[in-house]
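Here are my notes on this model, as numbered points. Please read them with the structure open.

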Amino acid sequence: MPTNLTPIIELKHATKIIENGEESKVILDDVSLQIHATDFITILGGNGAGKSTLFNAISGTLSLTSGAILINGTDVTKQSPEKRAAHISRVFQDPKMGTAPRMTGVENLAIASLRGKKRTLKLRQINQYKSDFTSLAAQIGNGLEAHLDVPTGNLSGGQRQALSLLMATIIQPELLLLDEHTAALDPKTSKALMALTERLVRQQSLTALMITHHMEDALKYGNRLIVMKDGKIVQDLAATEKEQMKLEDFYRIFD
Ligand SMILES: Nc1ncnc2c1ncn2[C@@H]1O[C@H](COP(=O)(O)OP(=O)(O)OP(=O)(O)O)[C@@H](O)[C@H]1O
């Protein structure tokens, strides 16, 4: 029976080895990690450090060679990504990844609001949700609310990414995975989406992991910072330790 102290997610010696003919490569190297309900963890690391691999292992799109993954104390190591999706939402770097392009924003949000529920929605019902979705989208401040009736393929990258974030959080996930979700946006839109992210995480008390290449964001947001290198977690810093680090300490991570 999970208690308040049971981690939301736990990795125990999670390892992934890719065999390629004669050669083998360790892309996740004995990673042990406990993520608790109050955690908003930022993740830094150079290209190829294993950050997306960690997310793939947690969400189940990459099976482990050895080790285990637990959600709320239950071993899900062999569970499909579809089953784990009942607990985990993920927002990708590419705004095209999170939304169905031919469907409108309202339709995308309506489908997202069914996550984990065993029922379907009729068109008539979708329209009933529209005013709720419009007021939700109006909080973002990038005009999404005026474009909820057009196919999402016609939205700007920033609007589409904001929609992806709303879809990922409309049913409170146990874990929110943010995979460089602001990286493809211009600086102003990226800043606005980060502000929205922080607001949603705080308002809904979400447990979140956020991969970023922006050191300022990694320092500014969250209560914990993880640094990855060569498939390993090389630093796991609490908020107070993070505050004492200087920007040049972080640049050394990428040496
Ligand atoms: N399915 C796979 N098969 C073979 N190699 C893989 C696979 N998935 C990841 N890798 C390799 O594992 C390493 C880590 O990749 P990963 O995408 O996790 O890095 P990352 O830290 O997210 O990098 P970036 O910041 O560039 O996105 C890379 O060398 C990558 O080529």
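**Notes on the sheet, the ligand shell and the overall fold**

1. In β4, I69 is the bridge partner of L11. Strands here are DSSP runs of E, at least two residues; helices are runs of H or I, at least four; both are numbered from the N terminus. The model is predicted: local features need pLDDT of at least 70, side-chain atom pairs count only at pLDDT 80 or more, and totals for chains, interfaces and linings use all residues. Residues are numbered from 1 along each chain as its sequence is written.

2. Strands β1 (residues 9-20) and β4 (residues 66-71) run antiparallel and are joined by 5 bridges. Two strands count as paired if DSSP finds at least two bridges between them.

3. The open sheet has 4 strands, in the order β2-β1-β4-β5, with antiparallel pairing. Its edge strands, β2 (23-35) and β5 (74-75), each pair on one side only.

4. Which residues are around the ligand? They are I18, I27, G45, N47, G48, A49, G50, K51, S52 and T53, with C-beta atoms, placed from the backbone, within 6 Å of it. Helix α1 gives the largest share of this shell, 3 residues.

5. The protein has 9 helices and 10 strands. Its C-alpha trace spans about 55 × 45 × 40 Å along the principal axes.

6. Buried residues make up 37% of the 255 residues. Buried means 20 or more other C-beta atoms within 10 Å of the residue's own, with C-beta atoms placed from the backbone.

Technical notes. A residue is buried if 20 or more other C-beta atoms lie within 10 Å of its own, exposed if 12 or fewer, and partly exposed in between; C-beta atoms are placed from the backbone.
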